[in-house]
Amino acid sequence: MSFLGETFTAFQVRNFKLLWSGSLFSTTAFMMSFMLVPSLAFEISGNNTAAGLAQMGSGVGMFLVAPIGGVIADRLRKKPIVLIGQSIPGLVILGTGLLIVTDMITIPLLMLGTLIMGLGFAFMGPARQAWVGELVPQRLLPNAVALQQIAMNIAQVAGPLLIAILVGTALGIGGTYIFMAALFVVVLPLTALIPNTPPSASPDQRRSVRFELTEGVRYVVGDPRLRTLWLSFVGLVVCGFAFQTLLPGLLDKELGREPTDIGLIFLAFAIAGLVVNVPLANLVRTRFAWPVLLGMGLLMAAGFWILAAAPTYQAAIFMGIPLGIGRSGFMLLNNSLLMSTARPMFYGRVMSLTMMAFGTQALLAPVWGVLADSIGVRETLFAVGVIAAVMVAMTTVAWLRLRALPPSPGGAFDTAPSEETAPTPAPAPRPLAAPRPLAATQPQTAPLQASSVLPPPTDSPARSAIRAMPALSAEPPRRPRSREMVVAAGVGVALGLTAVVQRNASQRRSNAARASRRVDPARADQVRRHVQGWRTRLADWVEPPL
């Protein structure tokens with residue numbers, strides 16, 4: 001198979017191709033919205049803090065609700081969750097566009113819109129990623145996850161390109177938002193064509209949401225590979241997406257350009273990531289996956305330092321390329337390794353924990369904005385690069401300790417069959433029974449005659465015990481007859497009925513004893529009147545009435 005054929009192997013599955021196409025259009029709309037929100041907020045308010053606050057709404061939804069979304073994805077069918085999760089952002093984007101066109105948009109309304117989109121994505125994201133694991137065979141899973149990341153990078157190319165084309169025309173930002181909402185007219189029918197798949201766990205295997213959420217966290221934290229991949233993903237995504245928050249301020253305050261002139265930089269950023277992701281899709285199952293993953297993280301850290309030194313707008317377009325290559329390459333390999341390492345029953349919960357990375361970076365967006373307003377945009381970019389480099393160094397140390405460990409059980413890299421799929425060994429053939437010896441020549445209960453085979457042994461306790469053992473019968477153990485089974489069952493039923501009768505009799509006796517001790521109300525009233533009469537007579541005798 002050719003190199004390109006191996007890169008796009010998962011496209012042989014029709015249903016995955018439909019899901020991938022719908023993800024491409026929906027992610028393009030998400031990326032366009034994600035890129036426009038900071039610029040729109042900066043244009044409304046004129047500071048980096050507002051740009052960060054506008055993004056914080058989506059972070060609250062994804063950070064708080066994404067783990068629950070992962071549990072729901074593992075409990076229910078994926079198709080309805082994905083359809084609802086795609087419909088809600090489409091409606092929010094349409095409403096935002098109408099507010100912009102009517103000049104009614106404000107920072108609180110923008111935050112509310114991103115909050116609702118974050119909630120929808122918190123349920124849709126884990127379900128869509130877990131659905132990939134159900135639509136493709138296990139051997140194609142790493143390639144399918146890599147292709148999903150390539151779709152995200154294509155969206156990162158198409159998003160800035162469409163922004164550069166549409167925002168500068170008569171449509172403006174409001175018309176661009178309405179165009180983004182129109183993309184979901186294509187997304188929803190593509191998702192509807194995919195057949196529904198059964199949930200990962202049957203209804204009788206479900207536990208409470210709290211228990212399954214705790215179980216998923218313990219699974220990720222308890223597996224050293226999953227724990228390392230998850231923590232590194234959270235750390236580097238938080239650093240990598242600070243680029244979106246800081247770029248409008250870099251253009252306005254350092255390079256003398258409008259905050260909305262982000263299209264060309266995002267375009268170069270995304271094209272570089274897309275070009276490098278195509279060959280990376282074939283590295284997931286090789287021994288080079290981890291070293292390349294760490295190299296991409298280090299390249300992303302260096303990209304922040306390079307971008308911080310950009311003297312002009314034209315230089316920033318090219319100096320942002322290393323950052324784009326490193327961030328997209330790291331996310332592709334990390335997501336593929338995560339899905340390939342995890343067990344299928346935990347796909348939704350594992351991917352929901354990675355969604356917390358996007359929620360965390362959105363929550364920290366105001367922190368980057370405040371830091372940039374305090375010390376400067378270039379200094380903040382350099383500091384983010386230092387944090388990313390430290391995270392890569394810590395991940396490298398953890399990986400050096402993991403290399404000698406066997407693959408995680410149940411994942412795509414585990415070649416040993418699991419307990420559920422391991423073939424059951426065939427039962428050993430039953431040995432043929434030896435012919436029964438005649439009673440005259442050798443009685444059945446005669447002791448073992450080892451002396452006829454072996455030379456006479458010396459006396460020892462072990463050999464004496466062996467000689468004293470009775471001869472082993474070659475007959476298989478006789479099964480109980482049906483009549484004996486009926487008799488035994490009858491005796492058991494009789495004993496059970498006897499126990500029930502005795503218990504009922506004992507209960508009646510105890511009830512009768514309690515009833516005998518109970519005082520009759522009429523008799524008690526009679527005794528009370530009798531005692532009261534004697535008291536009256538005694539009082540009259542002591543003190544006779546006048």
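Let me start with Ile 107, which sits in helix H5, residues 107–135. Helices here are DSSP runs of H or I with at least four residues, and strands are E runs of at least two, numbered from the N terminus. This is a predicted model, in which local features need pLDDT of at least 70 and side-chain atom pairs count only at pLDDT 80 or more, while totals for chains, interfaces and linings use all residues. Residues are numbered from 1 along each chain as its sequence is written, and side-chain values use heavy atoms, with hydrogens and water left out.

Is Ile 107 buried or exposed? Ile 107 has a relative accessible area of 16%, so it is buried. Buried means under 20% relative accessible area, exposed means over 50%, and partly exposed lies in between, with a 1.4 Å probe and protein chains only. Beyond its neighbours within four places in sequence, Ile 107 contacts Ala 41, Ile 44 and Ala 50; contact means heavy atoms within 4.5 Å.

Next, Thr 96, in helix H4, residues 78–101. Thr 96 is buried, at a relative accessible area of 10%. Setting aside residues up to four places away in sequence, Thr 96 touches Ile 105, Leu 110 and Tyr 177.

Among the buried ones are Tyr 177, Met 180 and Ala 181. The buried residues of H7 pack against H2, H4, helix H6 (141–166) and helix H8 (184–192).

Now the core. The largest nonpolar core has 134 residues, and Phe 16, Tyr 177 and Phe 243 have the most contacts inside it. Such a core is a set of buried Ala, Val, Leu, Ile, Met, Phe, Trp, Tyr and Cys residues joined through side-chain atoms within 4.5 Å. Helix H2, residues 14–45, gives the most to this core, with 15 residues. Not counting residues up to four places away in sequence, Phe 16 touches several residues, including Phe 11, Val 132, Leu 135 and Leu 147.

On to helix pairs. Axes are lines fitted to C-alpha atoms, for helices over the stretch in contact, and angles run from 0 to 180 degrees between N-to-C directions. Angles under 35 degrees count as roughly parallel, over 145 as roughly antiparallel, 65 to 115 as roughly perpendicular, and the rest as oblique.

The axes of H16 (residues 347–375) and H17 (residues 377–402) come within 7 Å and cross at roughly 130°. H16 and H17 are therefore oblique to each other. Their contact includes Trp 368 and Leu 371 of H16, and Val 377 and Glu 379 of H17.

How do H15 and H16 compare in direction, roughly parallel or roughly antiparallel? The axes of H15 (residues 321–341) and H16 come within 10 Å and cross at roughly 155°. That makes H15 roughly antiparallel to H16. In this contact, residues including Met 331 and Leu 338 of H15 meet residues including Tyr 347 and Phe 358 of H16.

Last, H10 (residues 224–240) and H13 (residues 289–308) pack at about 20°, with axes 11 Å apart. H10 and H13 are therefore roughly parallel to each other. Residues meeting there include Leu 229 and Leu 236 in H10, and Trp 290 and Phe 304 in H13.
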